[in-house]
Each structure stands twice: as structure tokens, then as C-alpha cells.
Amino acid sequence: MRVAGILGRGRAAATRFIGLMTAGLGEDERKRVQTLAFPSENPVIAALVCNGHNPPVQWAYRPDGSFAILDGEMYKAAETRVLENRPGINDASTLLDLYFADGQEAFSRIDAGGSIAIWDA
């Protein structure tokens, strides 16, 4: 597993998903899994990201619960950050910033390979 996620109708679905997805993992694998759940007090959306792959799965989130997950890579990411005036700390944060600045049009200006998931809370 690299990335898995669920959008449920309440805490029970998200919590059950996390439990089912991590139940079969060994101790070493569990240490590599990062859980993202929003909103944190009663999550309706959850994603599991497994670290230790190349290229690494990246994610970024905002205080309102919006987030981006990038399973792949953004080519010329540093140049894009300079050209778009986005000081993102990783490719996923740059994508999230671009999305909130320009909506779906932002994706026409990037060169990337992989899968992108954005949750706009």
C-alpha cells in the first residue's frame, strides 16, 4: 500500500477504515504509515500514506482540513515555486497552494507524473 483513503458519513466509517487497513500490517510497516483524518475531532475523511517509497508520497494540509496528496513527482518543482511565487515546502504543498489560488486551471501549468488527490474542505 502506498496511499488509501475513504470519505465516510461520520467517524465510525473513517475509524473502521483505518483499523481495517492497518490490521494486517507488521510492526515495521505500521511505523511507516501516516494517518491523515479531517476534521480531527470527528473525521469524515481519512487517508493512510505509507512512507519509505521512491518517489516518496507527499502530503500537505491546511488548518481548515483541506489537503493534497501526491503519489508521484512534480517535475521542475523548484522552478514552478519561483515562477508561481509559491514557497511550498514540498510538491504537495505547492500543488495545494496553486489549487487554492487558481482552481483547476492551476493543473494546466504543472508538469507532474503520478496521482494527485485534493480535498477542498
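Which residue forms a salt bridge with E27, and how far apart are the closest N and O atoms? The partner is K31, at 3.8 Å. I count a salt bridge when a side-chain nitrogen of Lys or Arg is within 4 Å of a carboxyl oxygen of Asp or Glu.

Some ground rules. This is a predicted model, where local features need pLDDT of at least 70 and side-chain atom pairs count only at pLDDT 80 or more, while totals for chains, interfaces and linings use all residues. Residues are numbered from 1 along each chain as its sequence is written, and side-chain values use heavy atoms, with hydrogens and water left out.

Back to the pair. E27 and K31 both sit in helix α2, 4 residues apart, about one turn of the helix. Helices here are DSSP runs of H or I with at least four residues, strands are runs of E with at least two, and both are numbered from the N terminus. Both E27 and K31 are exposed, meaning over 50% relative accessible area; buried is under 20%, and partly exposed is in between, with a 1.4 Å probe and protein chains only.

The salt bridge count comes to 3. The second one joins R2 and D71, with the closest N and O atoms 2.5 Å apart. R2 is in the segment before β1, and D71 is in strand β5, residues 67-75, so this pair links distant parts of the chain, 69 residues apart. R2 is partly exposed at 23% relative accessibility, and D71 is partly exposed at 22%.

D97 belongs to helix α4, residues 91-102, and R62 to the loop between β4 (57-61) and β5, so the pair ties together parts that are 35 residues apart in sequence. D97 counts as partly exposed at 23%, as does R62 at 27%.

Now helix α1. This helix covers residues 11-23, which is 13 residues, and reaches 18 Å from its first C-alpha to its last, close to the 18 Å expected. The expected span is 1.5 Å times one less than the number of residues.

Which residues of α1 are buried? They are A13, A14, F17 and T22. These four lie on the same side of α1 because they cover an arc of only 145° around the axis, taken from the directions from the helix axis to the C-beta atoms. What covers them includes β1 (3-7), α2 (27-32) and β3 (45-50), with contact meaning heavy atoms within 4.5 Å. The face turned away from the buried side carries the exposed residues A12, R16, L20 and A23.
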